[in-house]
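The sequence and model are shown below.

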Amino acid sequence: MVDWIILDSQPLNTVNSKAFRRFIYELDPAFTMPCQETVKNIIYEAFNYSFPQLKEILLTQTTSVSLTMDLWTARNRQGYLGVTCSYINQSFKMCEFTLDIAYVRYPHTAIHIKDTLESILNEWDIREKVFTITTDNASNMKKCVEDMEGVNRLGCTAHTLQLIIGKGMKPAETLIARAKQLIDFFMRPKQSERLEDAQKNFPALSEQLEREIELLNEEEENNQNEQELIVKLIKIKYT
């Protein structure tokens with residue numbers, strides 16, 4: 001049950017739910033539901049057991065590691081820095097695990113982020129093994145890595161792509177807003193009923209619309225097939 005709470009990011013107070021307790025009892029009346037404090041202790045014991053083993057693996061099986069980190073704000077408005085570590089082991093397999101999710105004191109400047117990160121790396125004894133750190137494009141995150149000696153920064157491709165798409169959609173913002181207004185208009189009960197009545201009274205228009213949609217789908221499928229054919233020809237040419 002503790003594994004389920006951790007892997008599915010369930011709140012610890014789930015074990016206090018009367019409905020959940022009744023559900024577990026129906027599955028197995030002999031099962032003793034642990035209290036929230038017991039679940040916490042199990043998690044702490046598991047961490048204390050696994051931490052030195054993971055630390056030993058990083059010390060003995062790696063020559064360099066890469067990190068990803070992100071700063072996020074919890075509901076209590078406090079900032080936390082999540083840091084993951086990845087490396088290729090001796091069998092050439094990618095290994096990755098979370099180093100820490102640490103509190104960052106306010107304000108979230110590059111200095112405070114750097115202090116928190118350095119503390120995490122020193123705790124794991126991997127400061128000298130860090131090769132690259134992947135971050136988003138926030139100025140405080142970029143400056144944090146730039147101020148660290150012997151470390152390269154790699155911009156997050158997904159975040160950069162999201163920014164590009166956002167800027168690319170700006171010319172269509174007015175059109176998108178109007179489309180949303182049109183959708184909201186027809187989603188109202190009165191207008192939705194009138195639209196259904198119009199479709200029933202004029203079935204020919206509905207059939208024509210369905211046919212046009214089918215033609216558009218066929219055209220899109222043909223374009224996709226042409227693109228796949230071009231890619232195959234290019235592969236054949238250069239192989």
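Proline 107 lies in the loop between E3 and H4, where helices (H or I, at least four residues) and strands (E, at least two) are DSSP runs numbered from the N terminus. A cis peptide bond joins tyrosine 106 to proline 107, with omega at about -5 degrees. The model is predicted: local features need pLDDT of at least 70, side-chain atom pairs count only at pLDDT 80 or more, and totals for chains, interfaces and linings use all residues. Residues are numbered from 1 along each chain as its sequence is written, and side-chain values use heavy atoms, with hydrogens and water left out.

**Strand pairing**

Two strands are said to pair if DSSP finds at least two bridges between them. The pairings are as follows.

| Strands | Sense | Bridges |
|---|---|---|
| E1 (residues 65-73) and E4 (residues 130-135) | parallel | four bridges |
| E1 and E2 (residues 79-88) | antiparallel | eight bridges |
| E2 and E3 | antiparallel | 10 bridges |

Serine 66 has a bridge partner in E4, threonine 132, and also stands opposite serine 86 in E2. Threonine 68 has threonine 84 of E2 as its bridge partner. Tyrosine 87, in turn, stands opposite cysteine 95 in E3. In a regular strand, side chains alternate between the two faces of the sheet.

Strand E2 is largely enclosed by the rest of the structure, because eight of its 10 residues are buried. Here buried means under 20% relative accessible area, exposed over 50%, and partly exposed in between (1.4 Å probe, protein chains only).

**Positive phi values**

The hairpin of E1 and E2 has five residues between the strands, and arginine 77 takes a positive phi near 70 degrees there. The hairpin of E2 and E3 also has five residues between the strands, with phenylalanine 92 at a positive phi near 60 degrees.

Serine 9, in the loop between H1 and helix H2 (18-27), has a positive phi near 55 degrees although it is not glycine. Serine 9 is exposed, with a relative accessible area of 63%. Aspartate 125 lies in the loop between H4 and E4 and has a positive phi of about 60 degrees, again without being a glycine. Aspartate 125 is partly exposed, at a relative accessible area of 41%.

**Nonpolar cores**

A nonpolar core is a set of buried Ala, Val, Leu, Ile, Met, Phe, Trp, Tyr and Cys residues joined through side-chain atoms within 4.5 Å. The largest has 28 residues, and those with the most contacts inside it are Leu58, Leu67, Met69, Leu99, Leu117 and Ile133. The elements that give two or more residues to this core are H3, E1, E2, E3, helix H4 (110-124), E4 and helix H5 (139-146). Helix H4 gives the most, with six residues. A second, separate core of seven residues includes Val2, Ile5, Val15 and Met33.

Contact means heavy atoms within 4.5 Å. With neighbours within four places in sequence left aside, leucine 99 is in contact with Leu58, Leu67, Val83, Thr84, Cys85, Ile120, Leu121, Trp124 and Ile126. Leucine 121 belongs to helix H4 and counts as buried, at 0% relative accessibility. Under the exclusion of neighbours within four places in sequence, leucine 121 is in contact with Leu67, Leu99, Ile126, Arg127, Val130 and Met148. Leucine 121 and isoleucine 42 are 79 residues apart along the chain, and their C-alpha atoms are separated by 25 Å.

**Pockets**

A pocket is an open set of points, on a 1 Å grid over the protein atoms alone, where a 1.4 Å probe fits, with protein on both sides within 12 Å along at least five of seven lines; lining residues have an atom within 4 Å of a point. Grid points are joined across faces, edges and corners, and a volume is the space filled by probe spheres set on the points.

The largest pocket has a volume of about 530 Å³. Its lining comprises 14 residues, of which Ile43, Phe47, Leu99, Asp100 and Ile101 are the closest to its centre. Helix H3 (36-61) and strand E3 (94-104) are the elements that give two or more residues to this lining, and H3 gives the most, with seven residues.

The second largest pocket holds about 190 Å³ of space. Its lining consists of Ile5, Ile6, Ser9, Gln10, Leu12, Lys40, Ile43 and Tyr44. Helix H1 (2-7) and H3 are the elements that give two or more residues to the lining of the second largest pocket, and its largest share, three residues, comes from H3.
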